[in-house]
Amino acid sequence: MIRIHRRRFGALGLAALAAVSLPVLAQGQWPTGKPITWVVPYPPGGTTDILGRAIALRLGTSLGATVIVDNKAGATGTIGSAFVARSAPDGYTLLGTSIGPQAIVPNLLPKMQYDPVKAFAPVSLIGTIPHVLIVGANQPFRTVADLVAQAKARPDEISFASGGNGTVLQMQGELLRLQTGAKLTHVPYKGDTPAIQDVLAGHATFMFAPVAAALPHIQSGHLKALAVTSAARLKALPDVPTMGQAGFKDFVVEQWQAVYAPAGTPAPVVQRLHDEIVRQLKDPEIVAMADKLGVTLVGSTPQQLADTQKADLSKWAKVIKDAGVKPD
């Protein structure tokens, strides 16, 4: 009886050990000598790429590992996202991404290669980027109300540019159209820079642009800023009202940057990634870089990122449906 009892206890003990050993080992043995790949689903040179590379470099130092940044651009960020969704959940593949592939495009495309929620383990919300509604210096508009009035008086003559179909920049133009009933024509470009250039040239009437990209042109007098999309006025543009102050309620839109791992990544690994990334966001060089890029650093918990993504998935699903937005 005693021998049988011991055998049973041994089996139970092994089962219990197996139940806890995976996360414990994952925490104790991760990372090993294997490189960590930080996937950016956009081309090099953009905010997501620049900020991601800076964080990845410091993350590698703090973890004692090699972190490789891999740009897998295309399909509005979904190619890189799909790659990470299919990767092994072992902590060696990360996704440094933004609101588009995780909360906008999934509502736009009829078929996706990944589930934006179920395929990923949220790590941290890196930061948010406010936008500014800009028009060319030669445009007659002084306020957003002026712009909307003109759009209503001359249907289909007012166009708005964006960095591409399915981007948060387009969604803000669609939201303005929905809120006002004005007829606005969307003109998509391959990136924010050419879109801003055509607003400067007067080929497009207006656009919602990242503040950092538009600010030099505003300061030089070549662009006029009519409103910002943040909840409060910005230090960089103290005289420019928010959309709410301009008379447009419930118009707070910020593009967020975040880090995810594949779903199923052990919780201790996700937690360590979170802790290390948040610690890097306090680095003075990262703070200074974020200021230049127009990013307000956040460093959220995984749950806060999940909540933010869920809210934006719902918000933009309604805008896309009500505005009748179709994929390119």
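**Exercise 1.** Determine whether Asp49 is buried or exposed, and then identify the side chain that it meets in a salt bridge.

*Solution.* Asp49 has a relative accessible area of 4%, and it is therefore buried, where buried means under 20% relative accessible area, exposed over 50%, and partly exposed in between (1.4 Å probe, protein chains only). The model is predicted, so that local features need pLDDT of at least 70 and side-chain atom pairs count only at pLDDT 80 or more, while totals for chains, interfaces and linings use all residues. Residues are numbered from 1 along each chain as its sequence is written, and side-chain values use heavy atoms, with hydrogens and water left out. The partner of Asp49 is Arg53, at 2.9 Å from N to O; a salt bridge is a side-chain nitrogen of Lys or Arg within 4 Å of a carboxyl oxygen of Asp or Glu. Both residues belong to helix α2 (residues 47-63), four residues apart, about one turn of the helix, helices being DSSP runs (H or I, at least four residues) numbered from the N terminus. Arg53, at 37%, is partly exposed.

**Exercise 2.** Locate the parts of the structure that Arg58 and Asp283 tie together.

*Solution.* The closest N and O atoms of this salt bridge are 3.3 Å apart. Arg58 lies in helix α2, whereas Asp283 lies in the loop between α9 (267-280) and α10 (284-293), so the pair links parts that are 225 residues apart in sequence. Arg58 is buried at 17%, and Asp283 is partly exposed at 22%.

Technical notes. Helix = DSSP H or I, 4+ residues; strand = E, 2+ residues; numbered from the N terminus.
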